[in-house]
Amino acid sequence: MPFGLARPGPDTTLAGGFALPFSHCAGYHYDDTEVQGFSQTRMHGTGIVDYGAVRVMPTLGMSPDKTEPAGYRVALEKASETARPGYYAVTLGNGVQAELTATARVGLQRFTFPEGQEPVIVLDLAHGLPDVDTVSGQLEVDAEAAEVRGHHHVSGGYSERFGGVKVYYALRASRPFAEFGSWNDGAPTAGAAAQEGQAVGAYLRFDPGEPVVIAIGLSFVDAEHAAMNLDAESPALDFEAAQTAAEAAWEQDLARVQVRGESDRDFELFYTALYHVLLMPTLASDVDGSYRGLDDAVHTTDAPYYTDFSLWDTFRTLHPLLTLLYPEYQGDMLRSLTRMAEDGGWMPRWPLGHGYTNGMDGESATVVYADSIVKGFDPGEIGLASAYAAMRKTAMAPVPPGSPYGGRMAVDKYIELGYVPVEAGFSSSSWTLESAYNDFALAKIAEVLGEDDDAAMFAERAGYWKNVWDPAQQFLVARSESGAFVPVPDPFGWQDFYAEGNALQYTWYAPHDIEGLAEAMGGRDAALARLQQFFEDSEKEVISLMPQEYYWQGNEPDIHAPFVFSALDDHARSARWSRWVLRNRYGGTPSGLPGNDDGGTMSAWLAFAAIGVFPIAGTDVYLLGSPIFSETILHLAGGDLRIVAPVTSDEAVHSAAASWQGKPLARPRLLHADIAQGGTLQIDLGP
């Protein structure tokens with residue numbers, strides 16, 4: 001379901017169980033040849049492996065070797081796979097047909113076993129996704145109710161930072177158990193109803209006959225709430241009803257945008273991107289409003305509560321797209337972040353499950369709030385004052401030792417010097433640039449809240465990016481405490497003072513002050529010439545598995561760069577280069593994304609580029625590009641926005657003119673207030 005907690009899916013490997021962790025961040029890799037179970041939780045498009053809790057696997061008969069994946073792993077019949085929003089199916093090498101669907105909090109698996117075989121389902125709480133360890137698993141079998149309850153405490157690439165994430169479950173079968181048994185780091189024992197440890201599991205044998213539906217309610221609170229969620233959302237274990245409801249939910253959300261064009265490929269690319277946009281963050285509250293907060297205590301809410309915010313990625317494109325198209329989701333997510341700050345004491349920068357991970361740089365929630373506020377969200381409805389207090393706290397002073405939140409890097413030095421000095425450690429320059437962007441956002445929020453002194457202070461600090469601009473090297477670089485700029489020996493190399501990028505890619509990282517950046521480069525013409533050269537060099541670069549040296553769509557710091565042209569009033573080249581990125585970094589193949597989707601960030605970029613407008617996060621500005629559809633209709637809360645492009649050929653991508661409501665636009669941009677009530681934008685493209 002859109003943003004659902006339950007994400008049942010196949011955990012796949014190459015022959016013999018070989019699975020590179022980086023290729024299995026969500027459990028599945030297209031080139032794999034075997035399936036070793038169906039787990040219920042996963043993230044979407046991240047560069048880190050986590051979750052993969054509560055694995056079930058259909059098998060034929062039970063034997064001691066099936067307490068390990070090597071005993072139940074089977075071939076994946078690739079030609080039998082079917083996938084669409086709300087449904088997945090595959091025939092396994094043992095002849096079992098596996099079908100998956102979900103409600104918001106319940107994963108449903110329907111297994112159809114070959115005739116004449118002994119149906120068995122293995123519940124393995126010892127194994128999960130690669131590089132994810134089991135801290136503990138626990139199960140209690142209730143044969144009379146055909147149910148198993150317990151928890152699966154996993155520790156993955158990010159959740160290990162706070163002790164792992166505990167997922168509670170209530171598994172219910174559509175038919176009685178003919179036999180059951182369990183194990184704890186050893187051979188299975190028939191009739192053993194309870195286990196707890198690091199290597200526990202159970203088997204459930206059924207009489208031959210009709211398909212077996214396994215429904216698994218999930219919760220972060222306790223097993224009773226997992227059962228409550230199951231009772232509320234799938235009381236009859238009706239697989240068809242759940243599948244129908246899931247597909248209807250997806251249709252309703254995807255239909256928020258309608259496009260007209262001539263290319264099936266473009267339709268597939270666009271709606272696949274929109275589908276990906278609606279996968280993460282993750283619903284984390286139960287049907288009664290209970291949720292486990294970042295303080296590890298149980299709280300209640302009267303609105304959906306979400307977790308798994310990949311904010312360093314998603315603040316740039318995904319959250320602006322939700323703000324524009326799905327404000328109801330975005331509002332709940334903002335309220336969730338506010339609750340996190342209130343419960344845990346700090347505004348997180350990459351919360352996962354019920355813990356702080358402190359992943360990546362910057363305090364990107366600031367930009368998420370600012371982006372929504374300048375686009376009309378009601379401050380009171382999202383608890384802006386409370387959120388601002390938490391964000392201001394870490395913008396003004398280091399966090400105390402022992403805090404679960406890491407705070408800003410060297411914030412005291414940042415305030416004193418106007419930059420984070422290189423002596424502070426890795427990513428010092430990136431932290432300066434992110435902090436300046438964050439301060440820009442805080443200034444916007446303070447202004448809305450009437451905190452005028454704060455607004456002025458943070459607006460001044462928003463210009464601190466200038467303190468790491470070296471006029472001699474013409475790059476944004478690091479600086480020592482003495483004030484000396486650090487030389488960049490190789491503009492293509494990754495320096496310790498950048499986070500995931502090189503000097504060329506970070507050249508454009510002042511999105512909130514592009515005109516100021518152009519001035520530092522010697523003026524608009526000089527900046528445009530340099531940007532043009534950057535993309536011409538990018539076009540010549542041969543793409544490999546290694547990070548790109550020039551424009552790198554697969555990572556965040558420069559993904560706004562194609563639209564910097566329009567920010568400097570050169571629409572033609574934004575149209576040309578954004579189309580080049582879309583056509584050369586995306587495709588309708590298994591490798592059709594430019595790397596990790598980063599929680600929907602890259603897909604949201606594609607969605608914006610495809611309709612021909614792009615946000616600068618934290619502002620109310622949309623910059624114009626080149627639509628790939630002749631007509632796009634966005635059903636916004638205030639009215640329909642039509643984007644019309646009479647010519648959409650890839651041979652005609654330069655903008656000739658643009659008009660809003662029939663009147664020529666003086667600059668290639670629109671403000672959110674312009675489009676929020678609907679209207680017609682026309683972009684005329686030519687060769």
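Proline 281 lies in the loop between helix H4 (264-277) and strand S19 (282-283); helices (H or I, at least four residues) and strands (E, at least two) are DSSP runs numbered from the N terminus. This is a predicted model, where local features need pLDDT of at least 70. Residues are numbered from 1 along each chain as its sequence is written.

**Exercise 1.** Work out how helix H6 (residues 318-325) is oriented to helix H7 (residues 327-344).

*Solution.* First, take the angle: about 125°, with the axes 6 Å apart. Next, apply the classes: under 35 degrees is roughly parallel, over 145 roughly antiparallel, 65 to 115 roughly perpendicular, and the rest oblique. H6 is therefore oblique to H7. Finally, look at the contact (heavy atoms within 4.5 Å): H7 contributes Pro327, Gln330 and Met333, while the H6 side includes His319 and Leu322.

**Exercise 2.** Decide whether phenylalanine 3 and glutamine 661 are buried or partly exposed.

*Solution.* Begin with the cut-offs: buried means under 20% relative accessible area, exposed over 50%, and partly exposed in between (1.4 Å probe, protein chains only). Phenylalanine 3, in the segment before strand S1 (9-13), has 1%, so it is buried. Glutamine 661, in the loop between strands S31 (654-660) and S32 (663-664), has 47%, so it is partly exposed. Now check phi: it is positive at phenylalanine 3, about 60°, and positive at glutamine 661, near 55°.

How values were computed:
This is a predicted model: local features need pLDDT of at least 70, side-chain atom pairs count only at pLDDT 80 or more; totals for chains, interfaces and linings use all residues. Side-chain values use heavy atoms; hydrogens and water are left out. Axes are lines fitted to C-alpha atoms, for helices over the stretch in contact, and angles run from 0 to 180 degrees between N-to-C directions.
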